[in-house]
Amino acid sequence: MANTAIQPPTSLRAVLSYIGKYMLNKLIGERDWSAQENSSRGVVSLDCRPEEVQDDLIVLESGDISTRRSVLRRYRDRLTDTRNGNASLPALSLFTCLRLWDWLIWKIRPRAASRVINYYPRYLDDPKSPGYSDYCRVKLMLHHPFTDWPDLLSVENETYTSYIEAFRACKRLHAHPEDFYNDPEEEGSDSGSESGDEVPQEAEDDFPLAGFEAFARRRPGVDFTTRADMLDSLGSREIDCSYNWSTHIGRYNEICREVWEQMKAENPIELRVEVNSSPEALNTEQRKLYDTIVAYYTSEINLGGRPPPQLLLNVDGEPGTGKTFTLLKSCARVQEIATAAGKGNPVFRAAPTGIAAFNIIGKTLHSLLRLPVKTKKTDLSLGTL
């Protein structure tokens, strides 16, 4: 078969390309995709290289390997593939086709959301770049209807000798919708800083972005905020303000102390924490949590056994911000206070999964509460409770 890559991979990039092209195709082919998953896959990949250097589209289906036409090839063959006389096909651009059309039956997808186009490779919009001619070719083929490559050299009935000249004429005469082919411009650093005490940053590897990295930067029409900004607005967001929280007020005020004592007696394993309880290494926010927990348990000791008002805390944050670190230090300090008062370890730590429970030196919720796992559902007996 022509244009089929059969060369042995001799470099790291070639090995990764081989894995992505063949082995991942096999894994995806063996995956039992549900109808819902198939209908929700709204990403289409477009190989922007010259067509003569593109490999065949390898498809693994029902254990059979076959080659099929690429999306670009199907677009170029649209006039010969259809016999229904669709008058809109000759003027159909590749960009509109990829986003809105079903190219198997050549009809618009009326109720489906527009697709996201994953371009590869991405040529630079720089006239000094060696790939600038390919960049102009890609921009022309996205918005100018064509069937043969020489068609792209014609703009407003005038034929040009190169893709660069044709693209310049296109920019001067036409206004096309945003196709998000260019990489977003990065905010430049302040070059006016004359401080000589700044530590020079290590130069990053000068490698082109992978397809998934470039795709992750596509944010058409949406100004996403960082997760840190979202956490700062918790409680003041529109969804928080419009929610009816009155159903939760007073819901957990009464706790049956006998049940709690029975649970502690039935779980004699002490989840002791062997870490330094000193709060010196904590930052300001972590210290607030530490002090709140320690002060609450200290007040419980001073009440002489009477249960204090219930304390409910929600600790949230990005990975690596020190949630587990602060929790373990707080538990270690509470453990020391309980030992000095002649009491046992009062803290039970639990998490939904085994890995999370292991990280906090605790138990899973199923183990702590004795919940059934993968067994026939039956009514819980009083003994189980």
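Hi everyone, this is a short tour of one predicted protein model, from the whole chain down to a few single residues.

A word on the ground rules. The model is predicted, so local features need pLDDT of at least 70 and side-chain atom pairs count only at pLDDT 80 or more, while totals for chains, interfaces and linings use all residues. Residues are numbered from 1 along each chain as its sequence is written, and side-chain values use heavy atoms, with hydrogens and water left out.

Let's start with the whole chain. The protein chain has 15 helices and 10 strands; these are DSSP runs numbered from the N terminus, with helices being H or I of at least four residues and strands being E of at least two. Of its 385 residues, 24% are buried. Here buried means under 20% relative accessible area, exposed means over 50%, and partly exposed is in between, with a 1.4 Å probe and protein chains only. The accessible surface comes to about 27,600 Å², and carbon and sulfur atoms own 54% of that. Those areas come from the Shrake-Rupley method with a 1.4 Å probe, and for residues only the protein chains shown count as cover. As for contacts, meaning heavy atoms within 4.5 Å, residues 24 or more positions apart supply 58% of those with a separation of 6 or more.

Now please look at α13, residues 323–340. This helix has 18 residues and reaches 26 Å from first C-alpha to last, close to the 26 Å expected at 1.5 Å a residue; the expected span is 1.5 Å times one less than the number of residues. Its buried residues include L328, C331, V334 and I337. What covers them? Part of the answer is α12 and α14, the latter at 354–359. By salt bridge I mean a side-chain nitrogen of Lys or Arg within 4 Å of a carboxyl oxygen of Asp or Glu. R333 is partly exposed at 31% relative accessible area, and E336 is partly exposed at 36%. After the helix comes G342, with a positive phi near 75°.

Helix α12 has a pair of its own. K288 and E285 meet in a salt bridge at 3.6 Å, N to O, and they too lie three residues apart, about one turn of the helix. K288 counts as partly exposed because its relative accessibility is 48%, while E285 reaches 56% and so counts as exposed.

In the loop between α12 and α13 you'll find L313. Together with L311 and V315, L313 forms a nonpolar surface patch with about 230 Å² of accessible area. Patches are made of residues with over 30% relative accessible area and no salt bridge, joining like charges within 9 Å and nonpolar side chains (Val, Leu, Ile, Met, Phe, Trp, Tyr) within 5 Å.

How many salt bridges does the whole structure hold? A search finds 11. One of them pairs R76 with E51 at 2.2 Å, N to O. R76 is in helix α3 and E51 is in the loop between β1 and β2, 25 residues apart, so the pair links distant parts of the chain. Both R76 and E51 are buried.

What about cysteines? There are zero disulfides, a disulfide being a pair of cysteine sulfur atoms within 2.5 Å. For C170, the nearest cysteine sulfur is that of C136, 9.8 Å away. C170 counts as buried, at 4% relative accessibility.

Finally, some backbone geometry. Most residues other than glycine have a negative phi, and most peptide bonds are trans. Where is the cis bond here? It joins Y120 and P121, with omega about -10°, and P121 is in the loop between β6 and α6. W106 has a positive phi of about 55° although it is not a glycine, and N157 also has a positive phi, near 65°. Is each of them buried or exposed? W106 is buried at 3% relative accessible area, whereas N157 is exposed at 78%. W106 sits in the loop between β4 and β5, and N157 in the loop between β7 and β8.
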